[in-house]
Amino acid sequence: FNGKDHANAGWGWYLNMWSGDGRHWVEHAADTSRLLHLNPRPRGGNIAMNHCLKGAWGPQKDMPIPAPWKLENAGKPFVLELELGPKQWSVRLNGKLQPGMSYDRKGDF
């Protein structure tokens, strides 16, 4: 996705919430899981959310990108808060709940 003409190119990032030894996930894939993978793709206008339990990816959830993460705001700071509840992850961005970004809990810590 790093080509300048690719729809997902440009400012972007991802965040993984790990269980197990996430720092060495290649060597310990059987014991390591991404409980939440959050990947804003500003040029494509969407956020991809997913999970990967012990090497097996689940279905991807896509949603529109909120204003603070749009390409024109790439240089502006933001506050991201994640909360893991008994059944799902909830997300706040700059203090505002993002209901469309809630994600069902998969796996366990």
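How many of the eight residues of β3 are buried? Seven are, which leaves this strand mostly covered. Keep in mind as you look around that this is a predicted model.

Ala48 counts as buried because its relative accessible area is 1%, and buried means under 20%. Leaving aside residues up to four places away in sequence, Ala48 touches His37, Leu38, Asn39, Arg41, Gln60, Lys61 and Asp62. Take Lys61 from that list: 13 residues separate it from Ala48 in sequence, while the two C-alpha atoms are 5.8 Å apart in space.

The table sets them side by side.

| Strand paired with β3 | Sense | Bridges |
|---|---|---|
| β2 (residues 33-41) | antiparallel | six bridges |
| β5 (residues 61-64) | antiparallel | four bridges |
| β4 (residues 56-57) | antiparallel | two bridges |

You can follow each pairing through individual residues. Towards β5, Ile47 stands opposite Met63, and towards β4, Leu53 stands opposite Ala56.

**The two turns**

β3 also takes part in two hairpins. With β2 it forms a hairpin that has four residues between the strands, and Gly45 in that turn has a positive phi of about 75°. With β4 the hairpin has two residues between the strands, and here Lys54 in the turn shows a positive phi of about 50°.

Key. Residues numbered from 1 in each chain as written. Predicted model: local features only at pLDDT ≥ 70, side-chain atom pairs only at ≥ 80, totals over all residues. Heavy atoms only, no water. Buried < 20%, exposed > 50% of the residue type's maximum accessible area, 1.4 Å probe, protein only. Contact = heavy atoms within 4.5 Å. Pairing = 2+ DSSP bridges.
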